[in-house]
Amino acid sequence: MSKSVVMKSSEDILLSLHNQGIPHLNEVFYNLSTAELYEHAISNGEAELSEHGSLIAITAPHTGRSANDKFIVDEPSSSGNVWWGKVNKPFPQDKFNSLKARISAYLQGSDLYVLDCIAGADEQFSLPVRVINQQAWHNLFAKNMFIDATEQQLENFHPEFTIIHVPDFKASPELDGTRSETFILMDISQKLVLIGGTHYAGEIKKSIFTALNYLMPLQGIMSMHCSANIGLEGDTSLFFGLSGTGKTTLSTDPERALIGDDEHGWSDAGTFNYEGGCYAKVINLSAEAEPIIYDMTRRFGTILENVPVDPISRAIDLFDDSITENTRASYPRKFISNIVADNRGGHPKNIFFLTCDAFGVMPPISKLTPEQTIYHFLSGYTAKVAGTERGVKEPTATFSTCFGAPFMVHHPKVYANLLKDKINENGTQVWLVNTGWSGGEYGVGKRMKISYTRALLRAALNGSLNDVQFTTEGFFGLHIPSECPDVPSEILNPRNTWSDASAYDTKATHLVELFANNYKQFE
């Protein structure tokens, strides 16, 4: 039992878990330190050490979220607020309770790792969270990703949401009513999440994010799947985007202090991070292009998920996608030297919607009107490219409303209206940024240079783009700057980068139609 923090006694923790429906345990390891969790994870055979001190964990066959196995319990206290459909699928409460009882029986006599922590840096809206794990490295993941509870908070800790993660427990679809052996089930009335059948740690953080996306809007808080940072002048910026669009990379900027890389709330007082750590995608990461995140992969305390490691030298290979392209690094914010200490910022001056447009149609940057802002926020567009998923042979449009549909519990217009109100109240400027292809679609054109994207963001942030002329393109009505420091003017209008302008027009018309068909659900 760790003695490095203010502790409850073994009897207190066992009694608390008994009251949560988990009796007759062997040993409970409560709020262990990072070093202790390393020792347990390695001695248990859960993970191994890299040559630089990071912890290597393999989650195969589950190397990403199991979205089709996620359900919300259909119960009276929350049912009327949930946008039921493809994303938020109902699950019977009696089946949930039955599965909970089976997990409780399964855990009898087991050792468990328990972490009491906080989600939400604004104390007025923070959520006390208890994470219960079978494995030590998953508990370390939660320790990295959530906010440390203070000694005072730990003395009188009462969890407002609990996660029970049993990765080696497999559900029986016939008995339990699940889709498969894997399950991510949330009962809002019981403030409880059950996760099983998967070792992928991202399910832990995203479950609490889902809970916050339900709770925060009910308090008038705009809940956001975005990263955030602050400039030297104290200006806050937000970066919305789906996986692979550059949300973490672009917000982790040597010239700006990081608030957080993934999940935030926006209250009447400003913005605040939900988390205490970062969860960065690290496939093909280089020290030249992304020095800060690259350095994080070589730190004691960082967890590397599904990154291949040499069995002899223990050297990691960030370019090896043999396990998955979705290789990840989990590390505490405090590892980054340039961070906002209190995890909070002001009202954003600029918001960037990031899209990786594999069709090569979207401009590198464009200024959005308020109406366009809501349109693109509800659309949440990016594109998959050939080779990233089995069966994908050409660019495929992906629409994820609010840039985070899998985690949004209320109807999308709840979040859209909150965003509209916050933007109007604070005079925030919104930009659409394409980190994808230029000069043609994937396979013909080239990926936008990250140096150009950073220069465009810098110009928007420092006001340089306020002094240039804008032109309006003819397909989406986007407003494109005529020039930008350190960026070739010819790439600013994507039509000019294609060798065949008529081919661009055809592809742009096709993308407009895809947007329109997707948007019909909101009309």
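**Entry 1: the chain as a whole**

I am working with a predicted model. I began with the overall dimensions. The C-alpha trace spans about 70 × 55 × 45 Å along its principal axes. Next I looked up the radius of gyration. A compact globule of 523 residues would come out near 24 Å, and the chain has 23 Å, so the two agree.

Then I turned to secondary structure. I found 14 helices and 29 strands in the chain.

How much of the chain is buried? Buried residues make up 57% of the 523.

**Entry 2: the cysteines**

How many disulfides does the structure hold? I found 0. I wanted to know why, and I checked Cys226 and Cys402.

For Cys226, the closest cysteine sulfur is in Cys402, 12 Å away. A disulfide needs the sulfur atoms within 2.5 Å, so 12 Å is too far for a bond. I repeated the search from Cys402. Its closest cysteine sulfur is the one in Cys226, again at 12 Å and too far for a bond.

Are these cysteines buried or exposed? Cys226 is buried, with a relative accessible area of 0%. Cys402 is buried too, at 1%.

**Entry 3: the largest cavity**

Now for empty space. Rolling a probe the size of a water molecule over the atoms shows where such space is left. I searched the whole structure and got 3 cavities of 30 Å³ or more.

I took the largest cavity to begin with. Its volume is about 70 Å³. Which residues line it? I listed Arg65, Ser66, Ala67, Lys70, Ile184, Glu203, Lys206, Ser207, Thr210, Pro406 and Phe407. Helix 7, residues 202-215, gives the most to this lining, with 4 residues. I then sorted the lining by class. It has 4 nonpolar, 3 polar and 4 charged residues.

**Entry 4: the second largest cavity**

I moved on to the second largest cavity. It holds about 40 Å³ of space. Its lining consists of Gln20, Gly21, Ile22, Lys100, Ile103, Ser104, Leu107 and Ile164.

Which element supplies the largest share of this lining? I found that helix 3, residues 93-107, does, with 4 residues. By class, I noted 4 nonpolar, 3 polar and 1 charged.

**Entry 5: the second largest pocket**

My last stop was an open space, the second largest pocket. About 630 Å³ of space lies in it. I noted 33 lining residues, and those nearest the centre of the pocket are Lys143, Phe146, Ile147, Asp148 and Ala149.

Which elements each supply at least two residues of the lining? They are strand 6 (112-119), helix 4 (136-145), strand 8 (147-148) and helix 5 (151-155). Strand 6 gives the most, with 4 residues.

Technical notes. Residues are numbered from 1 along each chain as its sequence is written. This is a predicted model: local features need pLDDT of at least 70, side-chain atom pairs count only at pLDDT 80 or more; totals for chains, interfaces and linings use all residues. Side-chain values use heavy atoms; hydrogens and water are left out. Buried means under 20% relative accessible area, exposed over 50%, partly exposed in between (1.4 Å probe, protein chains only). On a 1 Å grid over the protein atoms alone, a cavity is a set of points where a 1.4 Å probe fits but cannot get out, and a pocket is an open set with protein on both sides within 12 Å along at least five of seven lines; lining residues have an atom within 4 Å of a point. Grid points are joined across faces, edges and corners, and a volume is the space filled by probe spheres set on the points. Ala, Val, Leu, Ile, Met, Phe, Trp, Tyr, Cys and Pro count as nonpolar, Asp, Glu, Lys and Arg as charged, and the others, Gly among them, as polar. The radius of gyration is taken over C-alpha atoms; the globule rule is 2.2 Å times the number of residues to the power 0.38.
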